[in-house]
Amino acid sequence: MNDFIIEARDVTRDFGDFRAVDKLNLKIKRGEVFGFLGPNGAGKTTSISIMVGLLRPTSGDVFINGEKLDKVEKGTIGICPQELVLWDFLTCKESLMLIGDMYEVPKKELEKRVHKLLDDLFLTDKADTVVTQLSGGMKRRLNLAMAVVHHPEIVVLDEPSEGLDPQSRRVLWNYIRSLRDDEGKTVILTTHLMDEADRLSDRIAIIDHGKLLKLDTPSNLKKEIGEGDVVEMKLSDPEKIQDVANLLVEMEDVHSAVDVDGTLNVRALDAVSKLPKMIDHVESANTHVLDLSIRQNTLEDVFIDLTGTGLRE
């Protein structure tokens with residue numbers, strides 16, 4: 001059996017004169033959690049919509065299990081959208097039974113599946129509670145259960161942690177891992193939470209302006225952008241940040257120096273030994289350091305390096 005369950009070949013999607021996806025080529029492995037990262041408007045949702053058959057590409061092809069998408073059975077894919085799709089006056093159990101019936105899951109199998117889903121997602125005590133009486137976190141967990149009740153091979157989760165409290169997020173993360181580890185499912189995850197992408201994803205695709213910028217494991221992405229440390233500085237004169245950045249990038253083994261929301265973010269090898277010289281450069285620009293911290297490189301640093309710091313709506 002092919003190691004790759006989904007393959008996109010030269011997928012392009014235009015909306016009039018706007019190109020949302022530009023010759024996207026990627027392969028998603030069977031049984032992995034595949035993360036999709038990108039700024040607002042980068043083409044994430046459009047790309048995934050094409051790959052799961054919700055949207056036709058302008059050109060290019062998508063294959064699932066080696067077959068063109070239009071030949072794939074609908075039940076192969078389960079989709080949990082960012083916007084909740086629930087029936088307000090059905091109970092949790094009724095909602096799951098209804099979706100299972102739609103997918104023609106045999107009744108005995110469906111009842112077992114519903115019971116397990118309610119248990120796995122901590123909804124058992126809410127089985128007979130109508131949706132309108134559920135908390136936001138419970139609704140989101142029910143939405144996920146409805147996406148997988150028919151045992152799809154591929155599960156698409158679009159911003160699944162949106163608006164969740166830390167406890168609900170932890171339940172969700174553990175369940176996503178179990179989909180991969182215990183049920184062997186392929187999970188496609190879009191998220192704007194870097195910590196979520198880093199902890200859950202086996203591989204991550206970073207896209208911007210409809211183009212694939214990088215595709216690798218989280219650890220390899222962090223190494224590629226720059227092994228070493230990140231120094232974060234608050235300056236007494238924020239208007240001098242760019243002047244200081246221009247000085248620091250001339251130093252040996254300094255990979256980058258950028259303004260991130262009013263903080264000077266410097267990536268460098270052996271940053272501790274370079275601190276005295278960095279501070280000298282700060283003072284030579286007629287400003288000084290108000291606060292300073294050093295940490296390891298993160299996925300967020302990779303994301304900012306590749307896509308920039310400006311928020312796009």
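## The chain as a whole

Of the 313 residues in the chain, 48% are buried. Here, buried means under 20% relative accessible area, exposed means over 50%, and partly exposed lies in between (1.4 Å probe, protein chains only). This is a predicted model, in which local features need pLDDT of at least 70 and side-chain atom pairs count only at pLDDT 80 or more, while totals for chains, interfaces and linings use all residues. Residues are numbered from 1 along each chain as its sequence is written, and side-chain values use heavy atoms, with hydrogens and water left out.

The chain has 10 helices and 14 strands. Both are DSSP runs numbered from the N terminus: helices are H or I with at least four residues, strands are E with at least two. Along the principal axes, the C-alpha atoms fill a box of roughly 75 × 45 × 35 Å. Take the contacts between residues at least 6 apart in sequence: 69% of them join residues at least 24 apart. A contact means heavy atoms within 4.5 Å. The chain exposes about 15,800 Å², and carbon and sulfur atoms supply 47% of that area. Accessible areas come from the Shrake-Rupley method with a 1.4 Å probe; for residues, only the protein chains shown count as cover.

Helix α2 spans residues 92-102. Its buried residues are C92, S95, L96, M97, I99 and G100. Their cover includes α3 (107-120) and α4 (136-148). After α2 comes E104, whose phi is positive, near 60°.

A nonpolar surface patch is also found here. W87, L98, M102 and Y103 make it, and its area is about 370 Å². Patches are made of residues with over 30% relative accessible area and no salt bridge; like charges are joined within 9 Å, and nonpolar side chains (Val, Leu, Ile, Met, Phe, Trp, Tyr) within 5 Å. W87 sits in the loop between β6 (77-80) and α2. With a relative accessible area of 34%, W87 is partly exposed.

## Aromatic rings

How many aromatic pairs does a search of the whole structure find? The search finds one. Its members are F34 and F36: the ring centres are 5.6 Å apart and the planes meet at 65°, so the pair is edge-to-face. Rings of Phe, Tyr and Trp (its six-membered ring) pair if their centres lie within 6.5 Å; planes under 30 degrees apart count as stacked, over 60 as edge-to-face and the rest as tilted. F34 has 0% relative accessibility, so it counts as buried. F36 also has 0% relative accessibility and counts as buried.

The charged end of R13 lies over the ring of F15, 4.5 Å from the ring centre. K27 lies over the face of F4, at 5.2 Å from the ring centre. A charge sits over a ring if NZ of Lys or CZ of Arg is within 6 Å of the ring centre and within 35 degrees of the ring normal.

## Salt bridges

The structure holds 17 salt bridges. Each needs a side-chain nitrogen of Lys or Arg within 4 Å of a carboxyl oxygen of Asp or Glu. D61 and K68 meet in one of them, at 3.5 Å from N to O. D61 is partly exposed at 32% relative accessible area. K68 is partly exposed too, at 39%. D237 bridges to K240, with the closest N and O atoms 3.9 Å apart. Both ends are partly exposed: D237 has a relative accessible area of 24%, and K240 has 21%.

Another bridge joins E111 and K107, with the closest N and O atoms 3.9 Å apart. Both residues lie in helix α3, four residues apart, about one turn of the helix. An α-helix has 3.6 residues a turn, so residues three or four places apart point the same way. Is K107 buried or exposed? At 56% relative accessibility, K107 counts as exposed. E111, at 40%, counts as partly exposed. Elsewhere, D14, R19, D22 and K211 are linked in a network of salt bridges.

## A residue in helix α8

D243 lies in helix α8, residues 241-248. D243 counts as partly exposed, at 40% relative accessibility. How far apart are D243 and D208 in space? From C-alpha to C-alpha, the distance is 28 Å, and the two are 35 residues apart in sequence.
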